[in-house]
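Colleague: Before we discuss the strands and helices, could you put the sequence and the model on the screen?

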Amino acid sequence: MTAVVRTEGLTKFYGDRRGLEDLDLEIRPGEVFGYLGPNGAGKTTTIRLILDVIRPTRGRVTVLGTDPRDARVRGRIGYLPGELALEGRERARDYLAFLGGVRGGVSRERIGALAERLEADLSAPMGRLSKGNKQKVGLIQAFMHEPEFLILDEPTSGLDPLVQQEFLAMVREVRASGRTVLMSSHVLAEVENVSDRVGIVRAGRLVTVEDIAALREKAVRLVEFHFDAPVPREAFEGLAGVRDLRVEGASVRCTIDGRPDALVKAAARFTMVHMVCAEPDLEEIFLTYYSEEGEHHAGAGV
Ligand SMILES: Nc1ncnc2c1ncn2[C@@H]1O[C@H](COP(=O)(O)OP(=O)(O)OP(=O)(O)O)[C@@H](O)[C@H]1O
């Protein structure tokens, strides 16, 4: 199966400033790939290289099996830029109808249906639209021609939570139809519910690529048990994956790193009246990767 994106040693320097270095990445057909990193990590640089907006300093990239310099490949991609320049007096509705025409004819009904889902205002002059409405217009133009591959740079910025949910539903529909999505963000929570795999980039380098399930298994969870009578601390000490153990009378609190199996079996020996298990905090994993990478490259000026 041909990769939707394949990069080998992909590198971009802006003068002597590193944008991206030695990126080896494969995005597979039909997946939603979350691309995560803090501001300045190299996400937009990667996307611009994929779209041939900028050219690599060295390395290679192919998109949908083709060199991105081949202009025909662009028509198969839907793209939401991170910074949208929608200005002037033209109404968003007319702008989208024009783009729809250029892209082989997108009906006004389809544009209207997407606008309704996202609660977008298409009647005002574009220069007067709020940030959120501009973002919605950007999303409509990326989705409307049903491209094979969607590249969305920080797609949820400026959207309120309900509209974000609708947007995520649209992304799931794209995946269900066998198409592919690359979605960048600096907030893990934004992509964790919809991504199949996540790549984490920092300071121009890819730190890791993980299945979302593996990432969750690495997640640190806070667990609390309350029993009907005091329990001995020894029963919970030294268990695999258990950290920050606190035993106070009939209550046990700890964090669990990885599988909770040993802890659950230890707890099952007592009579439990209540338990709490917090959702995995993926923000923490994100930070773990950053600090590991920081240590790894300590002294290397990264
Ligand atoms: N046109 C440019 N000229 C010089 N340096 C640039 C240019 N574009 C990006 N950079 C630098 O390259 C690095 C990567 O930037 P990039 O925009 O790719 O990051 P990002 O992960 O998309 O960040 P953000 O989340 O802030 O958009 C940063 O250090 C940035 O300052």
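Colleague: In what order do the strands of the open sheet of 4 strands lie?
Modeller: This is a predicted model, in which local features need pLDDT of at least 70 and side-chain atom pairs count only at pLDDT 80 or more, while totals for chains, interfaces and linings use all residues. Residues are numbered from 1 along each chain as its sequence is written. Strands are DSSP runs (E, at least two residues) numbered from the N terminus, as are helices (H or I, at least four residues), and two strands pair if DSSP finds at least two bridges between them. On that basis the pairing in this open sheet is antiparallel, and the order is β11-β12-β10-β13.

Colleague: Which strands stand at the edges of that sheet?
Modeller: The edge strands have a single partner strand each, so one side of each is left without a neighbour in the sheet. They are β11 and β13 (272–277).

Colleague: Which residue in the turn of the hairpin of β11 and β12 has a positive phi?
Modeller: Strand β11 (residues 242–248) and strand β12 (residues 251–257) pair in the antiparallel sense over 5 bridges, with Val242 opposite Ile256 and Arg243 bridged to Thr255. The hairpin has 2 residues between the strands, and the phi of about 60 degrees in the turn belongs to Gly249.

Colleague: In what order do the strands of the open sheet of 6 strands lie?
Modeller: The pairing in this sheet is mixed, and the order is β5-β6-β7-β3-β8-β9. Strands β5 (77–80) and β9 (205–211) have a single partner strand each, so one side of each is left without a neighbour, and the edges are β5 and β9.

Colleague: How many bridges join β8 to β9?
Modeller: Strand β8 (residues 197–202) and β9 run antiparallel, and Arg197 stands opposite Asp211 in β9. The number of bridges that join β8 to β9 is 6.

Colleague: What angle does the direction of helix α1 make with that of β6?
Modeller: Helix α1 (residues 43–50) packs on the sheet, touching β3 (32–36), β6 (149–153), β7 (180–185) and β8, where contact requires C-beta atoms, placed from the backbone, within 7 Å. Axes are lines fitted to C-alpha atoms, for helices over the stretch in contact, and angles run from 0 to 180 degrees between N-to-C directions. The angle between α1 and β6 is about 150 degrees.

Colleague: At roughly what angle do the axes of α3 and α5 cross?
Modeller: Angles under 35 degrees count as roughly parallel, over 145 as roughly antiparallel, 65 to 115 as roughly perpendicular and the rest as oblique; α3 and α5 are therefore roughly parallel to each other. The contact is made by Ala92, Leu96 and Leu99 of α3 and Val137, Ile140 and Gln141 of α5. The axes of helix α3 (residues 92–102) and α5 come within 10 Å, and cross at roughly 20 degrees.

Colleague: At what angle do α4 and α5 pack?
Modeller: The axes of helix α4 (residues 108–118) and α5 lie 10 Å apart, at an angle of about 140 degrees. That makes α4 oblique to α5. The contact is made by Ile111, Leu114, Ala115 and Leu118 of α4 and Lys136, Leu139, Ile140 and Phe143 of α5, and the packing angle asked for is about 140 degrees.

Colleague: How far apart do the C-alpha centres of domain 2 and domain 3 lie?
Modeller: With bounds from an automatic or database domain assignment, the protein chain is divided into domain 1 (1–76 + 147–219), domain 2 (85–142) and domain 3 (220–279). The C-alpha centres of domain 2 and domain 3 are separated by 53 Å.

Methods
Contact = placed C-beta atoms within 7 Å.
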